[in-house]
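Dear colleague,

Please find below the structure that I said I would pass on. My notes follow it, and I would be glad if you read them with the model open.

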Amino acid sequence: FKGGDTCEYLLSSGRFLGEKVWQPHSCMMHRYKNSEAKNCLVDKHIVFIGDSRIRQLFYSFIKLINPQVKEEGNKHGNIPFEDKSASIKVDFLWYPEVNGSMRQRIKSWAEGSVAKPHIIVVGAATWSIKIHNGSNEALTQYKINITSIAPLLEKLATSSDVYWVLQDPVYEDLLSESRKMITNEKIDAYNEAAVRILNSSSRNAKAKVKVFSVSKLIAQETIMKSADGLHLPESSRDTNAMILMNVYCNKIMKPIDGSCCQPQPPLTLIQKLAFCFFTLSVIGYLIISLIHRNNFRKNKSCADLESGEEKKPATSTPNVSTLEMLLHSFCKLGLIMTYFYLCDRANLFMKENKFYTHSSFFIPIIYVLILGVFYTENTKETKVLNREQTDEWKGWMQLVILIYHISGASTFLPVYMHIRVLVAAYLFQTGYGHFSYFWVKGDFGVYRVCQVLFRLNFLVVVLCVVMDRPYQFYYFVPLVTVWFVIIYATLAVWPQIVQKKANGNCLWHFGLLLKLISLLTCIYFLSYSQGAFEKIFSFWPLSKCFELNGNVYEWWFRWKLDRYVVFHGMLFAFIYLALQKRQMITEGKGDPLFSSRVSNVLLFISIVAFLTYSIWASSCKNKTECNELHPSVSVVQILAFVLIRNIPGYVRSVYSSFFAWFGKISLELFICQYHIWLAADTKGILVLIPGYPMFNILVSTFIFVCVAHEISQITNDLAQIVVPKDNSTLLKRLLCIAGFFSGLLLFSAVQDQTRH
């Protein structure tokens with residue numbers, strides 16, 4: 001693929017996604033808000049020169065700065081605009097023909113002492129065709145005039161951004177009699193002359209007049225909706241104005257979802273160090289592999305000449321084996337991280353905006369669900385939320401979330417609300433799983449804590465280093481990490497109450513309930529005290545982990561959105577294990593969970609509750625209001641699902657191995673999607689194969705899933721090495737990890753100082 005200049009693609013090519021969404025070729029276009037446009041254009045002077053079509057573009061452009069502007073004033077005269085709050089000046093100069101008057105105006109900027117505008121947008125031709133009745137002499141004169149203007153524009157282009165707008169096609173059937181001579185054939189001839197002459201004398205890449213030809217493509221799709229056959233409908237003009245804003249502002253504002261015209265970010269100090277580390281790992285692994293191969297050849301079994309006995313080859317020491325495994329893992333990880341960087345930091349692969357349609361979300365969902373049902377197997381055990389069932393649950397939820405992200409379904413509120421329940425269900429499982437382990441096993445050792453924290457955070461820490469992103473950017477991992485620490489602290493703090501102790505004395509159950517009530521009180525207090533929450537997480541070095549864009553508001557919002565569901569998971573685990581201990585539920589294969597009557601009643605209530613929540617979520621009108629209710633009501637659908645899935649004996653005894661396979665790598669899938677399936681930090685879609693959307697999705701998905709699976713294997717391998725069971729060795733490793741993070745904080749501080 002020719003990487004090329006994405007600005008050139010933005011100005012010259014693209015296609016419509018739906019009716020009004022323009023997709024430039026190879027890059028993503030940001031939708032600028034008024035505040036962003038003002039910040040970009042502060043103290044700038046922009047000039048539009050041309051005819052009525054350029055006047056339309058002028059109005060669409062200034063409406064991006066101030067939407068209240070009305071299209072008033074002399075249609076065949078100059079129109080000034082000024083935004084005093086941001087010191088922005090935008091002028092429209094009426095020059096409907098490329099002639100001596102236009103040349104004189106441009107010359108005053110290029111050679112005179114008049115202050116040059118920062119952006120100049122020029123274009124004209126239809127008036128020349130109309131006034132001269134489409135004569136060939138007029139075209140010849142147009143070529144002469146544009147030839148005289150071209151050197152002046154090129155001279156201006158050394159210090160200003162100069163755009164020549166090519167003429168849009170017309171819809172000849174709608175043209176009035178006085179405009180019938182303006183044909184598409186004539187327009188093409190004028191455009192061809194402009195393109196051939198402009199930049200013909202330029203030798204300097206900086207002194208190029210940028211040809212704005214993309215409006216032609218937009219007009220070809222929309223000109224039939226024109227009121228008079230000549231002027232574009234408002235939506236098309238707005239798209240052209242937004243393209244202009246992206247061309248100029250993306251390199252200044254650097255929006256995440258605006259990859260067009262953005263230069264590749266320079267490598268940071270930490271990224272360079274990471275590159276060196278992975279390079280040394282590859283070299284080290286190759287050296288050790290060669291040494292082992294040579295030793296194997298030397299020690300190969302051979303018959304003893306005297307006794308005729310076979311000599312056994314010397315076995316390698318465990319230390320060498322561990323080192324080789326460590327280097328092998330880092331070697332693979334280094335290659336995978338290179339792919340991550342190339343996909344989402346280097347301007348190597350293309351990126352496109354998301355575009356939501358109901359079919360792009362629901363058809364893949366149906367297809368995946370059919371596949372999941374097809375791969376049905378019997379579970380090894382028939383307990384409530386057994387391992388196969390929870391893996392299955394994580395798997396199908398993760399696949400739905402992936403489809404939700406790539407289809408851009410967050411714009412459709414009912415889907416958004418249901419996806420919020422799936423995220424809450426993950427956290428419910430966090431509360432259920434960790435509480436069950438600590439309550440039943442009573443294992444509060446450092447080894448268990450370190451294993452969980454390492455498996456949760458390893459990939460994210462590596463990505464923070466390689467992709468230069470803050471920890472909070474991967475919000476779900478900080479969320480489950482903090483909740484794990486809260487669960488551990490709640491149960492490990494004195495008095496430690498576990499099932500074995502509580503079985504001896506029922507009063508311990510009340511002690512545990514007091515702990516849970518205390519936890520709920522703390523959650524309630526922090527959710528309604530943003531100041532207290534922000535103070536806790538604003539202390540250094542916690543602030544380095546939980547800040548995003550300079551504050552911890554995003555972290556507070558994410559935590560608050562699902563603040564009760566982990567507690568609900570813990571409470572459900574406590575009630576379930578208490579019922580199980582007292583043999584009040586039946587978990588035999590094929591047996592209903594309760595007596596037939598109770599099971600039927602609970603099943604009916606669960607189905608009604610599940611559907612009621614879905615109806616409420618589908619009738620949501622306002623995302624803010626629904627998010628306020630979500631923390632309290634999401635548990636209704638989660639518990640309804642758990643009961644529907646577990647009350648009938650047959651349903652509890654089977655699971656989908658297809659979904660369970662994905663469930664085992666669900667964390668890696670969730671994190672990896674940010675950079676190698678989606679693009680621009682989840683705002684767009686990675687394009688490996690342009691022009692074939694379906695084939696591109698198949699290829700990128702296959703690579704994405706393989707990479708997630710491989711990272712899961714690497715994490716498991718490294719967890720055994722980095723977090724050993726021996727306490728003294730573990731302590732040494734923890735000191736090394738503390739040293740690593742101290743170094744990371746130091747380099748991060750140096751990096752921040754350099755940036756500022």
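In what follows, a residue is called buried when its relative accessible area is under 20%, exposed when it is over 50%, and partly exposed in between, with a 1.4 Å probe and protein chains only. By that rule C450 is buried, with a relative accessible area of 13%.

This is a predicted model, in which local features need pLDDT of at least 70 and side-chain atom pairs count only at pLDDT 80 or more, while totals for chains, interfaces and linings use all residues. Residues are numbered from 1 along each chain as its sequence is written, and side-chain values use heavy atoms, with hydrogens and water left out.

Taking a disulfide to be a pair of cysteine sulfur atoms within 2.5 Å, a search of the whole structure gives 4 of them. With bonded cysteines counted along the chain, the pattern is 1-6, 2-5, 3-4, 7-8.

One of these links joins C27 to C260, with 1.9 Å from S to S. C27 lies in the loop between β2 (21-24) and α2 (34-41), and C260 in the loop between α9 (234-253) and α10 (269-298), so the pair ties together parts that are 233 residues apart in sequence. Helices (H or I, at least four residues) and strands (E, at least two) are DSSP runs, numbered from the N terminus. The torsion about this S-S bond of C27 and C260 is about 90°, so the disulfide is right-handed.

Another disulfide is formed by C40 and C249, whose sulfur atoms are 2.0 Å apart. Because C40 lies in helix α2 and C249 in helix α9, the pair ties together parts that are 209 residues apart in sequence. The torsion about the S-S bond of C40 and C249 is about -95°, so this disulfide is left-handed.

C620 and C626 are also joined, with their sulfur atoms 1.9 Å apart, and with -120° about the S-S bond their link is left-handed. As for C450, its sulfur is 13 Å from the closest cysteine sulfur, in C736, which is too far for a bond.

Finally, helix α15 (residues 446-466) has a kink of about 45° centred on N457, where the bend at a residue is the angle between axes fitted to the seven residues ending there and the seven starting there. Of the 21 residues in α15, 16 are buried, and the helix is followed by D468, whose phi is positive, near 55°.

With best wishes
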